[in-house]
Amino acid sequence: MQALAGNKVTWRELCAAAASLLVAAAMGVVPPAFGQLPDVPAVAKLAVHADIISSTLDMTIIQPLQFGDVHPGMGRVEVQKGSPTIGEIEVEGAANAPVIVDYTLSPNGRLEHVSGRQGSMALDMLLFGNTSDQPGASSMVSNGSVITLAEDGRYYFYIGGLLQVGTLEQNPPGNYRGMMTMILSYQ
Amino acid sequence: MRSFRSTTTLYPSTHYHFNTIMKKVLALCCLAFVFVATSQAQTITAEAEVIEALTWDGAVQAVNFGQIATGTGDVYLDPNGNSTDNGTGTAQAGFLTATGSAGNAITLSWSNTVLSDGTNDLAYTPEVLGTDEANDQAGAADAIPGAGTGVTLNDDGNYYIWVGGTLSVPSGTPVGNYAGTVTFTSAYVGS
């Protein structure tokens, strides 16, 4: 007992040491921060764009298509994009806008005698286009296709064709005329 | 005298030695007990899960309404497609990917915005749809209406978001390029 009494401090030390070890052991099994979710949200910025363009498309006839004088029995007469008598239409709309092109030739794709006499000529239209007024560098534009206006919103159409001139009986002398209708719409 | 003194001086020394041994025995017993207890504690499973920080990974694709004629009115861009109902030109839905720890629940929020040409504003109401399926724009069906919508990251830790919406282009809107920014925020649920 005397010895034990003389060892009081040692017991405290032992208890303290034991407690420390128990706490240390406990610390090892208690997850202090495990499983915590990152509390920093992630942020992203998404750009949104819109190009507001003019609602109109203006067309100006620069020059009609002219086949000039033809004679009965000539057969096929062509006006190609290099011809000075090719028709021309200037378009003005929104810059770089895609535009759908539709056109028809009435009546029934033919030129008819202006006086109303019997006789008509078949015409296969040729449509060319360019973003600058350079017919020689223009490209074929098919019906229903989409063209793109230039940066200044302009576009140039050139209208040629293949005219079939018949015999005197089929095409008596006089003026023949047809009407081409072009419809442009933003895509 | 010397030996007596020696005897008398030796006795306490022997007693001290006994006490020291006892102390060590007791200490060893206590330490053994503590060690046993410690060993038992170490058998308890300790788990830790490393959670990846949330990010917005991959290509971010801007929302693009394309070209719209002034005065068109409301133009709707479908998040499930890349076309507008009455706009013009090439339109494109926006796209971005939230990335984090696979299978975890997150919340998604976004802020509204206007489109501006620097002077004039156009009202824009985003429509946000999500999916955990990669490359499935057409099938994205989870509506993400705005603040704090809960979704779950897929097994790859991704969640895919497609953005369309409605842009109002009233009559008299000046022509020009309009732009805005929608800010998206993702956060783990419980963080």
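Analyst: Asn108(A) is found in the loop between E5 and E6 of chain A. Strands here are DSSP runs of E with at least two residues, numbered from the N terminus. The model is predicted: local features need pLDDT of at least 70, side-chain atom pairs count only at pLDDT 80 or more, and totals for chains, interfaces and linings use all residues. Residues are numbered from 1 along each chain as its sequence is written, chains are lettered from A and ligands numbered from 1 in the order in which they are written, and side-chain values use heavy atoms, with hydrogens and water left out.

Asn108(A) is not a glycine, yet its phi is positive, about 60°. Asn108(A) counts as exposed because its relative accessibility is 72%. The classes are buried under 20% relative accessible area, exposed over 50% and partly exposed in between, with a 1.4 Å probe and protein chains only.

Pro107(A) sits in that loop between E5 and strand E6 (110-113) of chain A. The peptide bond leading from Ser106(A) into Pro107(A) is cis, with omega near -5°.

Now the other loop, between strand E4 (87-92) and E5 of chain A. Asn96(A) lies there. Asn96(A) also has a positive phi of about 60° without being a glycine. Its relative accessibility is 40%, so Asn96(A) counts as partly exposed.

Next, strand E5 itself. E5 covers residues 98-106 of chain A and pairs with E9(A) in the antiparallel sense over 3 bridges. Two strands pair if DSSP finds at least two bridges between them. Val99(A) has Ile147(A) in E9(A) as its bridge partner. The open sheet has 3 strands in the order E9-E5-E12 (chain A), with antiparallel pairing. Strand E9 (146-148) and strand E12 (179-186) of chain A are the edge strands, each pairing on one side only. From one strand to the next, the twist averages 35°. Such angles run from 0 to 180 degrees between N-to-C directions, with axes as lines fitted to C-alpha atoms, for helices over the stretch in contact.

Last, confidence. pLDDT is the predictor's confidence in each residue, from 0 to 100. Chain A has a mean pLDDT of 81, and 79% of its residues reach 70 or more. Over residues 1-9 the model has 5 contacts beyond four places in sequence. Over residues 20-34 the model has 13 contacts beyond four places in sequence. A contact means heavy atoms within 4.5 Å.

Terms used:
Helix = DSSP H or I, 4+ residues; strand = E, 2+ residues; numbered from the N terminus.
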